[in-house]
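Hi everyone, thanks for coming. Let me put today's structure on the screen, and then I'll talk you through it.

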Amino acid sequence: MAAVIPIRLPPLPGEALDSWLETCACLLHVAVRDIFALAGVNWDRLASAGEPQHKLWLCQLDGPDLAALSAATGIPAATLADMTLARYEGTGLAAVTAAPGLPRTPRWWRQLTGSRCCPRCLAVNGGRRMLTWRIPWTFACTGCQVLLAGTCPDCGRRHRRTRTGQPRHAGRCDLTGLPMPPLRPPRGGIMSCSSDPADTAAIALPAGGHVLPAQQHIDALIATLLASQGQPAEMAALQQYLDDIHAVARAAISALHGPVAPPAAAVAVLDEPGAQQSAPGRPGGDPGTSALASPVHGQLRQFAPVVAFGVTIADIMLPARRGDPDPVIAAWLADNEAGRKKTAGPANMLARWSPASPALQAALAKPPASRLDTFCQLRYRAPAGPARIPDPARAGEHARALPSLLWPGWALRLMPPEGFDFLRHRTGLGVMLAVASAGADGYRTAQELPGLQPVHGNRFASFTARLRRHGVLEPVTAALCQLARKLDEHGAPIDYARRRRLRRFSQAQPDITGWRRQQHLLTRPEARAHRRRLNRADLPAAPEQEHLARLRLIELLTSTHPSYLPGPLRLPGRRGRDYAGFVFTLPEPMAGFLHQRASSLLRHAGISEPVTWEPPFSWVTGITWPGPHPGDIRPNHGTSP
């Protein structure tokens, strides 16, 4: 049966379990393991031979252990559970479990190997530490208005224990008062430091500065995050916000020693925690306060001044609307990313920002977008909306939503008033859309995805150059990037790749008898009463018209213009005007006949899709359309694919 400890010490509000237990142990002149033994808890199960520096019982205790410790100490089990890092389980603030051989990895920052502390709080409460000081996000004490200390000013290390082990009477046993032999370092180890963290010089923070408000904002976010446990939607939104803050903070820390000088706001934040006032190992100073004086890597990111600088910059940069960050700081971060040799490429830059929200990615992609050529702007969707890293493995999936040429209505809206051939304009825009949608690595691949025969990429470079000369390249590129993004989100009701692949569509034949009958009735309305008696032999043939009708049917089914069909069906260039005139002047009954024939062929193939479709123009916002709306032009023929 577990023993009951007669001397009780209530924990302070927010105190960490290790701080409370080590304070109790110091009061009782025992070790923490003795308290667990009195409670009947197996210490060997809580201690890890492979991780002697970690307090596994601070991470979490199971139900029976909490009950036993509660019975021995008189503290409710729920209170004890809230004193462990398990309180933050599932929030991303701390990790309490890890795969064998791997470190505990929170969602943000690195797990602290010890506890930060507020020297002024320690001096008042007798050296007892708060659980929040073990969270990397906590870098300042808003009550004392000081920066948290992370390491000992004497030994330069972070204390593993919350109690320093200082004797009440130096050189004598606290229990008997008898003289003690000189201390010797443990075999194979380092003697514990006996300096009192409460004596560490606290770095005051100005009340009117930026660091304290940033910590207050973070504290409010953490409180809301804890309150949202069990509410996935609310927690996901808060975690995404912290993703943005973390991404900006890390970028700001890296940019501090980048090729571009920091803006005035960053310099002001840098001066607040005295980051340039102390040197590592200087008596009375925290080695962390000089960490920002040189590039920060690895364990240095655990220092409170480093985190304080990064998080404060993020707090200044990110207003309530994260899609509209501070332009000066955003440009500074983007310019530093672009100036680094290892991360200058768009893919590397975007990979570093991948945890951030799409709105923040979009805002940060704007400054370097002007330095990319048109192909890269399309491939990474930099001009409008969140930039992305292309995924070549999904190219085939994207191709299903791509017609061979851009939809006629969209091509019309994106065509300058003069100087462009409509068919070639559709072709060029279709290839640009393939680059933006599938992230093709070259114009050749972008042509192959929608089923076009590749031509030299210089042709499309010339096409984009002409768009630039006409002053429409920017809105065209932005529109195609937005369109590609909407196709990713909503898809297309037509699988264009399948239609191009099936021979029954690429080699489709119209109902010649029905075509001739419909044509005959248009020219001789009086024959309508006897239309059922008309057979193929009685109807005049028109080979040229019937061949063009077949090409139009194939275009309806495959979205491929006859000029780009393979083999003998390909329309010669000299016949392009004939085909355009045929389609443009096709009477409504004849256009409806071909549309009905295409619908019938789709049904017979077991495909439930509309014959034609175009995305809504509302998918694109924030641009000035270069061309007219199709509704303002009323051709006397059916809808094009």
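This is a predicted model: local features need pLDDT of at least 70, side-chain atom pairs count only at pLDDT 80 or more; totals for chains, interfaces and linings use all residues.

Residues are numbered from 1 along each chain as its sequence is written, and side-chain values use heavy atoms, with hydrogens and water left out.

Let's begin with the rings. I call two rings of Phe, Tyr or Trp (its six-membered ring) a pair if their centres lie within 6.5 Å; planes under 30 degrees apart are stacked, over 60 edge-to-face, and the rest tilted. By this rule there are 14 aromatic pairs. Take Trp407 and Trp613: their ring centres are 5.7 Å apart and the planes sit at 90°, so this pair is edge-to-face. Trp407 is in the loop between helix 16 (395–399) and helix 17 (408–413), while Trp613 is in the segment after helix 27 (588–604), 206 residues apart. Helices here are DSSP runs of H or I with at least four residues, strands are runs of E with at least two, and both are numbered from the N terminus.

Are these two buried or exposed? Buried means under 20% relative accessible area, exposed over 50%, and partly exposed in between, with a 1.4 Å probe and protein chains only. Trp407 has 0% relative accessibility, so it counts as buried; Trp613, at 19%, counts as buried too.

Next, Trp410 and Phe617. Their centres are 5.2 Å apart with planes at 45°, so the pair is tilted. Trp410 lies in helix 17 and Phe617 in the segment after helix 27, so parts 207 residues apart in sequence are tied together. Phe617 also has the charged end of Arg413 over its ring, 5.1 Å from the centre; the rule is NZ of Lys or CZ of Arg within 6 Å of the ring centre and within 35 degrees of the ring normal.

On to salt bridges, meaning a side-chain nitrogen of Lys or Arg within 4 Å of a carboxyl oxygen of Asp or Glu. The whole structure has 14 of them. In one, Asp18 meets Arg134, with the closest N and O atoms 2.7 Å apart. Asp18 is in helix 1 and Arg134 in the loop between helix 7 and strand 1, 116 residues apart, and both are buried. Arg499 and Glu609 form another, at 3.0 Å between the closest N and O atoms, and both of these residues are buried as well.

Now helix 5 (residues 63–73). Its buried residues, including Leu66 and Leu69, pack against helix 1 (17–28), helix 2 (32–38), helix 3 (43–46) and helix 6 (77–82). After the helix comes Gly74, with a positive phi near 80°.

Thr84 is in the loop between helix 6 and helix 7 (119–125), and is buried at a relative accessible area of 1%. Beyond neighbours within four places in sequence, its contacts (heavy atoms within 4.5 Å) include Leu17, Trp57 and Leu131.

Last, the sheet: three strands in an open arrangement, order 1-2-3, with antiparallel pairing, where pairing takes at least two DSSP bridges. Strand 1 (140–141) and strand 3 (203–204) are the edges. Thanks, folks!
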